[in-house]
Every structure is written in C-alpha cells, then in structure tokens.
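Here are a few notes to read alongside the structure.

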Amino acid sequence: MTEFAVWAPLPDVVRLDFEGTLHDMTRSDDGWWRAEVECADDARYGFVLDDDPKVLPDPRSARQPDGVHERSQLWRPRPDAWTDADWPGRSIEGRVIYELHIGTFTPEGTFDSAIEKLDYLVDLGVDFVELMPVNAFGGTHGWGYDGVLWYAVHEPYGGPDGLIRFVDACHTRGLGVLIDAVFNHLGPSGNYLPKFAPYLSAGSNPWGASINLSDADADEVRTYILECALRWMRDFHADGLRLDAVHALMDNTAIHILEELSAETDRLAEELGRPLSLIAESDLNDPRLITPRDRGGYGMTAQWDDDIHHAIHTAVSGERQGYYADFGSMETLATTLKNGYFHAGTYSSFRHRRHGRPLDTATIPGSRLLAYTLTHDQVGNRAVGDRPSQRLTTGQLAVKAALALGSPYTAMLFMGEEWGSSSPFQFFSSHPEPELARATAEGRKAEFAGHGWDADEIPDPQDPATFERSKLKWDELDRGEHAQLLGIYRELIELRRTEPALADMWLDHLRVDFDEDDRWIVLYRGDLAIACNLNAEPVTIGISGDLVLASSTPEARPDGTVLAGHSFAILRLVNSASAAGPG
C-alpha cells in the first residue's frame, strides 16, 4: 500500500484521484489529509477539492510528465541511478561558477544534451555549474523563475531522471552543481497551491503575492520551503543552492527563514559528509546575509554582488542609465573592488535614499561575495537582451574578465560569456493561457517603452523565435576573436587556480591604484599586479615586472609599462616596494 498525503486545511473535502478513480481521504487536526491505495511505483494521481471537478497536482509532486496543470506521477530514482559515491564535494568559496540555462545552453535544451558539453566546461577550468531554475513551471520553455511546483523537475528538460544523470555526470568530471531555487513567489500559470492552504500572505513583491512566512499557518509553509531546499541537496546530490531575490522573502519572525535554512543545510552537510553552500541573491547590500549565525548573521555561504558588476561594467562600457548612474568612474571601481560594496550606507541616486551597510573586511573574506561581469539578470532584463559582447570590443571584454577573475572574490561566468557569444539572452515564456500570454507580452513592451525604447523593438516573450534566438551558437567557439577571448578566459581561470597570490581572498590584503584621467587601474595581489587599461589609447603605468599573462603584449620601458588600449597585463613584481603598491 502507498500512503498519499496532502496539507489542505482550506477545503472541507479532499479526495484522491488515482488513475481516474476517486478515493476518500481522512483529515487530521493539523490539516493533513491521508489515504492508502495499492498502486504501481509510477501511478498517476491528483486531488479533488470540495465540489470542483478539476483534478489538481500534488503540491509536493516529484514529477509532472504532462505539465503543471495535469496529474502528478509517483517517482523514485532507480537503485542504480547514482555513481558518485566517491564525490567529496567542495565549498564554492574562491571557486569559479558557471551559470547556465538548460533550455538555451544547447540546441536540444535538455539535461542529456548539456552532459555532452561538460568536458568543455572541465577544459575551461570552472569548478561549479549553476543551473537556472529547473523546477516545474507552466509551458514548455521559460526562465524558470515562475515555478509553481517546486518539488518537481521541469519535464521538457528531462524530468527528475534527467537531472540525476546530469548531476552524476558533473560529479564524475569533478564539477560541483548548484541549483537556483525560487522561494519568494509562485508563478501565474498552474499556481493551485492557494486552493489547498494559505501558502500566500497579504503582502506582495514585484512578482505577485508574497509567500506566507510569518502569518497564520506559516509553520507548515516554512517546512514546505525547507524540505524542498534540502531535497535538492539530499535527493538530487546538488552541492548547494542559489536563492533567488531573498530580499523579497517577507519574514518578521525572530528566526528568519534564511537563518533556519542555513542551520538545516549545515546539519545535512554533516550528515552527508560533504560541504553544501547557500548563495543568496539580494539587492540590499546587507552583510548579515553572509555573517555567521554565531555572530548574529544568517550564515549564508556567499552572496551575489551587483555593485561589483555595475562598477566593472560601467567603467568599461561607459553606460550610465538607470541603476548605473552612481557608477562609472575609476574611483568608484576601485572603491567597490576594495570594499565589496559601493553603496554601504551611502546615498543611491537611483533609489533616492541611503542604501547598504559597510562590510567588515577584516572578518568577512571576499570569497563570500560573487564577482561577475554578466548574469542572466544583467543581460536578460535589458530591453532586447543584448550581451556586452554585442557592443564591446574583445579587448574590453578581456579587461572585464581580468578584473572579475583577478579579484579576491568568488567568480562567476554566464554561459557563452567566455567566448563573447553573439546570441542575446532575451526574456522568453510559453504560458499556455491566451490572456496571460497576451498580458506578459504587452507588459514587457509597456515596461521598456516607459524607459524610452521603441515598443516595436521589444521582443515578444511568447514568440518561439525569442527563445530560439537565445540559444548559444557553439560553432562560434573556434572562430577569430571568439577563440581569442576563450583562450584568455582559460588562462585567467588557470592562473587563478595555480597562483598562490590569487588564493588570498581577504580584501584587507588587496591594494588598488588607479588614474581617473588616463583610465587605468592596478590590483595588487601579493607579488602580482593586475594592470588594466580601460582607455582606447595606450597608457604608461609606473610599474614593471615579469610578464605572467596579457591580452595584448605590453611594452616595458624604463619609466614603467605601456599597455595597449583596452588591454590588461599581469606582472610579477620584482621587488617588495613595487609589490606593496600604492595605498
């Protein structure tokens, strides 16, 4: 016999639909309904609430073979599914992470086709693959942030069995796996959870109603989130999670859901005997996220740091619109690289108020912040989803890479960045409901038209061509400047792995010098100087040393080193005075 259970305190009657036959369920005082039925391991089932004949999927469904609007299917991994028993795991701190979207990473858009590219990632030198959300969402393709069945794996990608094969293949090759998890809202297509129980609160965030973390019956909702998060790491062997927009988790309890998840993750790591990491995405610049729990923090392993992205991108590209307004100067770039946050209790012109809090660089290492020049957000949330590689030179892209990969932060790449992919990464969706599809397309156009864009230029998220345009073009790898940039990325990642000076992740040990007018900056990492020229013209920097790596061969002169326009050079300094660098 198999027990079916569902938490549903709202309806008066809940019945189990098993292969089209209805079975009565018994309710307990805690709002859980249960029934036992003899069935096969892959049986289809759902729940019928009160007098509504619609069969709803299980909120804890493991598999949705026909999509999020249909019956669930029982699922258990095959006994021989895993071969990674010897995988020791590793922490993400100081490593290189590669963010990818399964649906556009390969032409086929599946876990199995992504496995075929893993040897390429090993050769690139990255340590972790970070998957954009793979939970079940409405439609066949989308970014995944509108998930509605958080326990199920998106079937078009390959379902739960496909995810197991992917994670197992990564571990076989020495790659860790992180999964992007969204617990701050539910998507609009297939969101049946509020019919069962008070999963939502009266509050809201930019994506809709907030999740109930502190109102009545919140304990069961919190358990739902915690069990889902731990399940990715326990049952699917993920090495950690990236937690989406944690600033949208409205929790006013004494123990924040993130602190609770951090403690539970540490317990699971001890049980499994391997490290597990939690990475928070937040726009608050709040060090409490990455401060240990015993010092009053939430105990997250690391945090995305958009200030670093903004400082690098604006200094190199010259863009200043929107939230880039406070960035762009060499001083801002140097301040951000040295301190982790730029806005640290300082005025933000974009927000029209003070923002952030200083990071204690003496106690929190740089490895707890992620540095990147590109993410799915920073390209996909542009009006036309254009990448920096569609506007910048190879030299400028190389400088951005040197600043991020040469910094004392945990580094992250977004798929295709390393070869300057020409594919955009646009916002795409495939909502099956006509009204929702139309509202999504019209809302996208209206949003950017309000910022001055021609509405006709904004891609229709529901147009399949928008999705197809966003797929990587792997035949670019060996071509001209694409191949040149890829070589630079490989060498930077290898240098990061092998140079002892680059293993020091303490920001207090980083020294930075810059020239606002000539637009050059130097990061001093031990006996290495990472010199970058953001100017289109050659500049002379008053340091010298043995060349370790360069995007364009510099010229050594008695008065220093000449860097070509839009280039970097990494030098090994020959004396302690030079190695110390300016203050």
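1. A quick definition first: a helix axis here is a line fitted to C-alpha atoms over the stretch in contact, and angles run from 0 to 180 degrees between N-to-C directions. Keep in mind that this is a predicted model.

2. With that in hand, look at helix α8 (residues 306–317) and helix α11 (residues 394–405): their axes come within 10 Å and cross at roughly 155°. Angles over 145 degrees count as roughly antiparallel, so α8 is roughly antiparallel to α11. Their crossing is right-handed.

3. Next, the second largest pocket, with a volume of about 480 Å³. Its lining takes in 18 residues, and Tyr45, Asp58, Arg60, Ala62 and Leu74 are the ones nearest its centre. Two elements, β1 (2–7) and α6 (218–234), each give two or more residues to that lining. By class, you'll find eight nonpolar, two polar and eight charged residues there.

4. Where does the second largest pocket lie relative to domain 1 (2–56) and domain 2 (104–299)? It sits between them, because both domains give residues to its lining.

5. The largest cavity has a volume of about 100 Å³, and its lining includes Thr373, Arg387, Lys400 and Tyr489. That lining splits into four nonpolar, five polar and three charged residues.

6. The second largest cavity holds about 80 Å³ of space. Nine of its lining residues are nonpolar, with one polar and one charged; among them are Phe183, Asn184 and Asp244. Helix α7 (residues 257–272) gives the largest share of this lining, three residues.

Terms used. Residues numbered from 1 in each chain as written. Predicted model: local features only at pLDDT ≥ 70, side-chain atom pairs only at ≥ 80, totals over all residues. Heavy atoms only, no water. 1 Å grid on protein atoms, 1.4 Å probe; cavity = no way out; pocket = protein on both sides within 12 Å on 5 of 7 lines; lining within 4 Å. Points joined across faces, edges and corners; volume = space filled by probe spheres on them. Helix = DSSP H or I, 4+ residues; strand = E, 2+ residues; numbered from the N terminus. Nonpolar A, V, L, I, M, F, W, Y, C, P; charged D, E, K, R; others polar. Domains from an automatic or database assignment. Parallel < 35°, antiparallel > 145°, perpendicular 65-115°, else oblique. Left-handed = near helix turned anticlockwise from the far one by under 90°.
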